[in-house]
Amino acid sequence: MNFDPALRLHDPARRGFASDNYAGVHPLLLDAIAAANEGHQIAYGEDVYTARLQQVMKAHFGEAAEAFPVFNGTGANVLSLQSMLPRWGAIVCAQTAHINTDENGAPERVAGLKLLTVETPDGKLTPELIDREAWGWGDEHRAQPLVVSITQTTELGTLYSVEEVRAIAEHAHSRGMLLHMDGARLSNAAAALGVPLRDFTTDAGVDVLSYGGTKNGLLYGECIVVLSPAASEGLVYLRKMNMQLASKMRFVSAQLVALLESGLWLESASHANAMAARLSDAVSGMPGVTLTRPVAANAVFAILPPGVADRLREVFRFYDWDNATGEVRWMCSFDTTEADVDAFAAALAGLLPAAS
Ligand SMILES: Cc1ncc(COP(=O)(O)O)c(C=O)c1O
C-alpha cells in the first residue's frame, strides 16, 4: 500500500509564533526514528538505543548521570519531584513555574506534593526569594520544604547565569534541600550562555534535571537525568506507576541520542534564539510596540496597541500571555526562518498606526 497524500490535512505554509511545540520534527530526528525502526528490539528500555543514551548523557552531564526517558515534560517534572521527596515534602518554586501554572495540578494531584510558590519579578528565584517559603522544618503543621525547583530558561524567557544557579544550589543544600531544574528549554539556555550543558547543571549543583527534547525538535520525548544519585529514589518504579514508561522506548532514546551525540541540539537551539533576537530587533522601535522583557533565548514578550494582536493573529498564531496588561508571547523554534520573522514583522508594521 502507498501513502495517500490526501492524508496530509494541514497547510505546511501556515507558520506561527505560538509555541516551540508548534514546530514539527527535525528531519534528522525523523531519520533517527526511521533508522531505529528496522527489526526488533527489547521493549521497555532494554534496547541498544537506551543503553547508548546512558553513555551520551554521561558524556554531557558527568559519570554519575542516569537517564530515564519519558513521554513529556509534565511527566518528567512530576516524576523527578516525586522521586526527590517524601509524602510530606514540599517544593519551593516561582509562582510562574510550569509545574504551578501549566500542569493541571499534577504535582499535587498525581504525586501528592505541595507547591510553595513565590512571586518573582522575572520568573527567577534567588536565595532571598527561596527563603520566603523555605522555613518551618520540623513543624508538623507545615509541608516540609525539601526541594527547590527552577526553570531554565524560565517561563518568562529569562535565563539563570551559571553563578545564579550555583548560588541557589548552595543555598538549597545548606538548608538540607535538593535542587530540581525544569530544563524544557535547557538547550536554549546553553546556547544563550555559551557554555556546556553541565556547567549550569551538574557542576552548578543541580540534583535532578528534566531534560527537554520536544521543544528542541523531537517528535516527542523528554528525559529525567538524575545528576546526584542520592537525591532520587525509586524512579524506575515510579515511571511505570505514573504511566511514563514507553514500551517502544527505543524511539525516544534514538531521537535523544541523535540530538545529543551530534551538535544538533545546540545548532537548533542557537538558531531558535537567533530568530528571537531578529524578531525583537525587527519590532523594537515600532510605534506602540513595547518589548516587556529582555530577550535572553527564544521567547519575545510584547505589548501592542489595542486590537492589533487579534488582527495579527489572523495571519500568525500566537498567545496572549497576560490578559490584564495585554502582553503577548512570541516563541521561535528550530524551524523558524528569517523569512518567517521578516513576514511577521512586516505584517505587524502594517497594522500599527503611523509614527507621528
Ligand atoms: C517550562 C516548561 N516545562 C515543561 C514543559 C513540558 O510540558 P509538556 O507536558 O507539555 O511536555 C513545558 C512545555 O510547555 C514548559 O514550557
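**Domains, a helix pair and one glutamine**

The protein chain divides into domain 1, covering 5–17 + 265–355, and domain 2, covering 27–262. Please bear in mind throughout that this is a predicted model. Between the centres of domain 1 and domain 2, taken over C-alpha atoms, the separation is 28 Å. Where the two domains meet, 18 residues of domain 1 are in contact with 21 residues of domain 2.

I turn now to a pair of helices. Two packed helices are described by the angle between their axes and the distance between the axes. Here, helix α2 (residues 48–61) and helix α10 (residues 250–261) have axes that come within 8 Å and cross at roughly 35°. The crossing of α2 past α10 is left-handed. On the α2 side, the contact is made by Y49, T50, R52, L53, V56, M57 and H60; α10 contributes R250, S253, A254, L256, V257, L260 and E261. Sorted by class, this contact of α2 with α10 comprises eight nonpolar, three polar and three charged residues.

Is Q144 buried or exposed? Its relative accessibility is 12%, and buried means under 20%, so Q144 counts as buried. The side chain of Q144 reaches the backbone oxygen of D139 at 3.1 Å. Setting aside neighbours within four places in sequence, Q144 is in contact with W88, G89 and A90, and also with G136, W137, G138 and D139.

Thank you for your attention.

Key. Residues are numbered from 1 along each chain as its sequence is written. This is a predicted model: local features need pLDDT of at least 70, side-chain atom pairs count only at pLDDT 80 or more; totals for chains, interfaces and linings use all residues. Side-chain values use heavy atoms; hydrogens and water are left out. Axes are lines fitted to C-alpha atoms, for helices over the stretch in contact, and angles run from 0 to 180 degrees between N-to-C directions. Helices (H or I, at least four residues) and strands (E, at least two) are DSSP runs, numbered from the N terminus. A crossing is left-handed if the near helix is turned anticlockwise from the far one by less than a right angle, and right-handed if clockwise. Contact means heavy atoms within 4.5 Å. Ala, Val, Leu, Ile, Met, Phe, Trp, Tyr, Cys and Pro count as nonpolar, Asp, Glu, Lys and Arg as charged, and the others, Gly among them, as polar. Buried means under 20% relative accessible area, exposed over 50%, partly exposed in between (1.4 Å probe, protein chains only). A polar contact is a pair of N or O atoms within 3.5 Å; within protein, one must be able to donate a hydrogen and the other to accept it, and residues adjacent in sequence count only if both atoms are side-chain atoms. Domain bounds come from an automatic or database domain assignment.
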